[in-house]
Amino acid sequence: MKAPTRRALAKQQTRAKVLAAARRLFSEQGYEGATIRDIAAAAGMSTGAVFANFADKSDLFREIMITDMAALGEAMREAASHGDGVEDAILRAFMAGYAFYMTQLPLARAAFSVGWSTEDGPALRGAAAARSLRDLIAERLTRTAQGDAQAALRADMLFEAYLSNYPQAIFENWTLDDLRARSRDQIGILLAGLPRD
C-alpha cells in the first residue's frame, strides 16, 4: 500500500480542522446559527477551503452525524452485550445512546433540528449508521424470540421509542434516570407477549 502524498495529508488535515470547527459551532450555535463563513474562520481557513472539501453546510453536518452514529452504534452494541435477557440488553443499548449525547446536548439539539426541519433529516435517519442501531435491536429480538412474526415491527417501534425520548433530554432537561424509567416502561410494553424460546 502506497503512503499518502504530502498533498493528500494536507487535505486530510484541512478536512479534520473544518470538521472540528463545524462540530464546535454546531454545538454552540445550532445548525441554523452556524454559517460556512463562521466555520471557515474558526478553522483558520477560507470559505474556499471549506467548499473544496464539502459541498455545503448540510454535507458537513451529515458527516459529523454519521461519524457520531457509527461511534454511538459501537457503544450501544457493547452495552447490549452485557444485558441479562432481551429487555435488559435493549435498555442498556438505549442508555448507552442517551449517555453518549448527554455531554453534548447542543449537538443533539442541532441533529434533531435538522432531522425534523430540513431535507437531510430523512437522509440522516436512513443512513447506514442509523440503520445499524435499528438492526441491533432486531438482532436482540431474533436471538430471543425465534419465529416472532412481529419481530420486524417490534424492532421498528423500539427504535422509534428510543428516538422519541431525545426531545425530553434535549428540551426538558430529563436526566438519565428519567430516561431509564421511561425507556424501561416503553420496552416492557413493546415486548409484552413476546414469544420466548
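**A close look at one helix pair**

A: The protein contains 11 helices and 0 strands, where helices (H or I, at least four residues) and strands (E, at least two) are DSSP runs numbered from the N terminus. This is a predicted model, in which local features need pLDDT of at least 70 and side-chain atom pairs count only at pLDDT 80 or more, while totals for chains, interfaces and linings use all residues. Residues are numbered from 1 along each chain as its sequence is written, and side-chain values use heavy atoms, with hydrogens and water left out.

Of the 197 residues of the protein, 44% count as buried, a word that means under 20% relative accessible area with a 1.4 Å probe and protein chains only, while exposed means over 50% and partly exposed lies in between. If we take the contacts (heavy atoms within 4.5 Å) between residues at least 6 apart in sequence, 71% of them join residues at least 24 apart.

The pair to look at is helix α9 (residues 151-164) and helix α11 (residues 176-190), whose axes come within 10 Å and cross at roughly 165°. Axes here are lines fitted to C-alpha atoms, for helices over the stretch in contact, and the angles run from 0 to 180 degrees between N-to-C directions. Because of that crossing angle, α9 and α11 are roughly antiparallel to each other, the term for angles over 145 degrees. On the α9 side, R154, M157, L158, A161 and S164 meet Q186, I187 and L190 of α11. Sorted by class, this contact has 5 nonpolar, 2 polar and 1 charged residues; Ala, Val, Leu, Ile, Met, Phe, Trp, Tyr, Cys and Pro count as nonpolar, Asp, Glu, Lys and Arg as charged, and the others, Gly among them, as polar.

N165 is found in the loop between α9 and α10 (166-171), and its relative accessibility is 0%, so N165 counts as buried. Leaving aside neighbours within four places in sequence, N165 is in contact with Y98, L179, R182, S183 and Q186, and Q186 is also one of the α11 residues that meet α9.

Y98 lies in helix α5 (residues 86-102) and has a relative accessibility of 2%, so Y98 too counts as buried. Not counting residues up to four places away in sequence, Y98 touches A161, Y162, N165, Y166, L176, L179 and S183. Y98 and A169 are 71 residues apart in sequence, yet their C-alpha atoms are 8.3 Å apart in space.

Key: Angles under 35 degrees count as roughly parallel, over 145 as roughly antiparallel, 65 to 115 as roughly perpendicular and the rest as oblique.
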